[in-house]
Amino acid sequence: MKKAISSLLVSTLVLALAVSSLSGDKILAEEDTTTTIEVENKAEEIDSFVGVWRNDKDDKISLTPQNLVIDGEVHEIKQIAVNESEEEKVASFDFENFDSQEMTYHSAEDKLNFLSSDYQREMNPNIVNYVKDQLSTLEPVNLEQLLEVDENYLMAAYYQAQVDFDEEKDQIHAIYLALSQDYAELELLTEEDYEDYLVLAEDLEDTTYTFAELNKALPRTILENYRQLKEDEEKDETMVKDQLKKMIDEAIKAYEERKAESSEVYLEDYEWPEKEEVTTANNTAANNTAADKTQDDPHLLKESEYEVRDDQFSQEEAYTILVKATTGLSVDYNTGYERAGGFAFLAVDGVTYIVMPDGEIGTSEGDVFNRNEETRLARVKEASPTVPDYMPDWFDRYPDNAVIKPFDPDIAYNYLLGKEDFPADAYMFDFEFNDDGSYTLTIASRDKIVDQNISEKEAIIDVFVVYADGTYYKK
């Protein structure tokens, strides 16, 4: 039995098909017309193919009801036709500006065959948790609503958003907009309703609630209640807001009661891999083998197995540089994706770390770690010819009693983090290499440094002088 689904991105019938059982209609497409015929389990037929898939060559594809992502490019789906048997489903895809493709889904093995290669479904609970957490914090949708969303869909939508956008907020907003189309039954706010709600939410946040708390009271209901209350001209704005807050309080209380009684977990705990303490490997040819990788983390390389260079490198090299530069940062290797010529990884704290081929590391918070100082200085020199032609050779030499290896400023700072009790918003504001082979590190408050009412001097927490042998003092 053949099911043809046309105009996938514009037909409201088809958008509902991707997300609900609707066991009554079969959609056949002939040019611009839509005909319905009775069938069952339409949602399952579509959802079987939705998700992120990886083959044994580490090739990855991602499929949502809207798009296919392959080789780092997003291709819009114009039409899908599905042939079904007891053991497999064969889907034929027509794309915008891309050759038609066919996929076969084997239900017994949860396996996808595509371009003569077998793909296994990739599911990372940390990514799903992150997306749910961010959506419920940044967009008008709550965790209870997200229980209705297939986790494979969230995986695929996040992977696609990473290809389309660099900034985390843009990625999360793109996922929200996709949800508003593909999960129409959630009745998410869009267009004017979305803008009106943001204005209302900002006003309510200034008085009583956080954005995430408002989400618990269901944004669409909040907006509709507000508009209904406003229709009574006898009520002034203060009276309207007071009544609205009572409704919101009751809705939040009901949400919390449902959550407490629910057998479903609204947001799972993060499960990040344990890391062994990173040690420096001897630089010998014998170490340059797969056996030298840390046993508990096969993606973490010994120093002899990677190099910092101005060139494209592998995901494992980028991952190793990141973990070593941050002295064991809790980051999941499988969250890595190519970005800006390097690789980006999601950390347990929700921050994205971007590792460039020259070893420089940036974060979604705006921080920068410069491990490859020689290359960085060369770039600065090129941009500013007046920079002194000075580069200490300390970066390639360590004293016999060196404790901090490699002795770069970010490594020295992370060494201090393990010794000193800094505030939660502390970060390395500035550093200077000294003639005696030490670093002067300036530690500041991230919150205070951006506060226009606080001077830079007041934002400084402490200034430390740190040596490679692990000794340091407060300046």
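Predicted model: local features only at pLDDT ≥ 70, side-chain atom pairs only at ≥ 80, totals over all residues.
A salt bridge here is a side-chain nitrogen of Lys or Arg within 4 Å of a carboxyl oxygen of Asp or Glu. Side chains of opposite charge can pair when their charged atoms come close.

Take E109 and K111 to begin with. Their closest N and O atoms are 3.4 Å apart, and the two residues form a salt bridge. Are the two partners buried or exposed? E109 has a relative accessibility of 49% and is therefore classed as partly exposed. K111, on the other hand, is buried, at a relative accessible area of 13%; the cut-off for buried is under 20%.

Now turn to E144 and R258, whose side chains meet in a salt bridge with an N to O distance of 2.8 Å. E144 belongs to helix α4 (residues 143-146) and R258 to helix α10 (residues 237-261), so this pair ties together parts that are 114 residues apart in sequence. R258 itself is partly exposed, with a relative accessible area of 38%.

A further pair is D193 and R220, where the side chains meet in a salt bridge at 3.7 Å, N to O. Which helices does this pair tie together? D193 sits in helix α7 (residues 191-205) and R220 in helix α9 (residues 219-230), so the parts joined are 27 residues apart in sequence. D193 counts as partly exposed, at 22% relative accessibility, and R220 also counts as partly exposed, at 21%.

Charged residues can also be followed beyond pairs. R54, D58, K60 and E122 are linked in a network of salt bridges. With 18% relative accessibility, R54 counts as buried, because the cut-off is under 20%. The side chain of R54 also makes a polar contact with the side chain of E122, at 2.4 Å. What else does R54 touch? Leaving aside residues up to four places away in sequence, R54 touches D59, K60, D118, Y119, Q120 and E122.

From charges we move to helix packing. Two packed helices are described by the angle between their axes and the distance between the axes. Helix α3 (residues 125-138) packs with helix α5 (residues 151-164) at an angle of about 80°, and the axes are 9 Å apart. The two helices are therefore roughly perpendicular to each other, since angles of 65 to 115 degrees fall in that class. On the α3 side, the contact is made by I127, V128, Y130, V131, K132 and L135, while α5 brings E151, L154, M155 and Y158.

Next, look at L177 in helix α6 (residues 168-182). L177 is partly exposed, with a relative accessible area of 38%. L177 and T190 are 13 residues apart in sequence, and their C-alpha atoms are 7.6 Å apart in space.

Our last stop is helix α13 (residues 409-417). Of its 9 residues, 7 are buried, so α13 is largely enclosed by the rest of the structure. The buried residues of α13 are P409, D410, I411, A412, Y413, N414 and L416.

Note on methods. Residues numbered from 1 in each chain as written. Heavy atoms only, no water. Axes fitted to C-alpha atoms, helices over the stretch in contact; angles between N-to-C directions. Helix = DSSP H or I, 4+ residues; strand = E, 2+ residues; numbered from the N terminus. Parallel < 35°, antiparallel > 145°, perpendicular 65-115°, else oblique. Contact = heavy atoms within 4.5 Å. Buried < 20%, exposed > 50% of the residue type's maximum accessible area, 1.4 Å probe, protein only. Polar contact = N/O pair within 3.5 Å; in protein donor to acceptor, adjacent residues only side chain to side chain.
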